[in-house]
Amino acid sequence: MNIVEKLLNERNLPDDELKNLLETDFYDKELFEKADFVRKKYYSNKVFVRGLIEFSNYCKNNCFYCGIRAQNSKVNRYRLTKDEILKCCENGYGLGFRTFVLQSGEDPFFTDKIMVEIIKEIREKYVDCAITLSVGEKSVNTYKKFREAGANRFLLRHETANEEHYAKLHPPEMSLENRKNCLFELKKLGFQVGSGFMVGSPFQTTENLIEDLRFLQKLQPSMIGIGPFISHKDTPFSAKKSGTVALTLRLVAILRLFFPKSLIPATTALGTIAPDGRERGLCAGANVLMPNLSPVKVRKEYLLYDNKICTGEEAAECKFCLERRVKNAGYEIVIDKGDAIN
């Protein structure tokens, strides 16, 4: 039994074999084939779409890699109103989206009261839809309010599971321990939780990536989002080398074999560093896409990294383009909330 067959059968590998798998392309063809086999076993050829609404690019944090960090004075800041957010949902629902992802920087303007009002109104209008939040680290009490208001899912990428590496990517006031605690508390509250990490971030080692996989094994998230690190010109990491398509795809496939039932997106970042990156992600085991429902006028302002794709397209144009590309890759976009299989 070779290393890929062992991973397929046991859904795990010892660290030394994982290191071997991560650092060579020798197994890639078989790895991608097995990952595609597993995703089809559980999800057929279905690809779930989530309507992404980037409702604020204000952020109180100063993560060294992020284009909307607080200290970047070159960002044109914006906040969508509740009515604008609801209009995005209306447009998305008409296009067949049954999951809305509300994403922002950690913006103190959006208090618990404001967010609860927004969540409740979306829940009342779209009872058959999932509401996903991606708004960062909050208190347990705040998360509880969001859950009671009607939010189903929460995305919070841990970015790196290693303390030393985390400290090289974030200012001292930010804490990996707190981020991890948030993820476990979200699970306790009944959220479908998503986490993930950057691939090829500055100072990252293979051992760091193995630690990321081990952390995810403990967390057992419903959703796992990974994408290549891509630098932004107005951050401290502007000169750092971006992550690669090859390693990102390898990790997508490994994640599919580690977590056969998880929802794994082919991310926009993957499509940014390679024109066919998202299609290749699907062929490596991913089964989610996240087209942008945000108003076109603000899309170019929500730039976590440079050269982000799809910033000038209408939601309908973006979705129909994706449908064609997904079909050409041998898969099918479905109108479905797309819950993870238990």
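Q: Arg11: buried, exposed or partly exposed?
A: Arg11 is partly exposed, at a relative accessible area of 40%. The cut-offs are under 20% for buried, over 50% for exposed and partly exposed in between, with a 1.4 Å probe and protein chains only.

Q: What kind of model is this, and what are the ground rules?
A: The model is predicted: local features need pLDDT of at least 70, side-chain atom pairs count only at pLDDT 80 or more, and totals for chains, interfaces and linings use all residues. Numbering runs from 1 along each chain as its sequence is written, and side-chain values use heavy atoms, leaving out hydrogens and water.

Q: Back to Arg11. Where is it found?
A: Arg11 is in the loop between helix H1 (3–10) and helix H2 (15–22). Helices (H or I, at least four residues) and strands (E, at least two) are DSSP runs, numbered from the N terminus.

Q: What is phi for Arg11?
A: Positive, about 55 degrees, although Arg11 is not a glycine.

Q: And phi of Gln220?
A: Near 50 degrees, again a positive value in a residue other than glycine. Gln220 sits in the loop between helix H9 (206–219) and strand S7 (223–228). Its relative accessible area is 46%, so Gln220 is partly exposed.

Q: Why is H10 described as largely enclosed?
A: Because 13 of the 14 residues of H10 are buried, the rest of the structure largely encloses it.

Q: What happens at the start of H10?
A: A side-chain oxygen of Thr244 comes to within 3.2 Å of the backbone nitrogen of Leu247.

Q: Next, Lys319. Buried or exposed?
A: Lys319 is buried, with a relative accessible area of 5%. It lies in helix H14 (residues 315–328).

Q: Which side chain does the Lys319 side chain make a polar contact with?
A: Glu323, at 2.6 Å. A polar contact is a pair of N or O atoms within 3.5 Å; within protein, one must be able to donate a hydrogen and the other to accept it, and residues adjacent in sequence count only if both atoms are side-chain atoms.

Q: What else does Lys319 touch?
A: Leu95 and Phe97, not counting residues up to four places away in sequence. Contact means heavy atoms within 4.5 Å.

Q: What about Gly285, where does it lie?
A: Gly285 lies in the loop between helix H12 (277–283) and strand S8 (288–289). Gly285 is buried, at 0% relative accessible area.

Q: Which residues is Gly285 in contact with?
A: Ala35, Arg39, Val252 and Arg256, leaving aside neighbours within four places in sequence. Gly285 and Leu249 are 36 residues apart in sequence and 8.7 Å apart in space, C-alpha to C-alpha.

Q: And Lys300, buried or exposed?
A: Lys300 counts as exposed, at 53% relative accessibility. Its place is in the loop between helix H13 (296–299) and H14.
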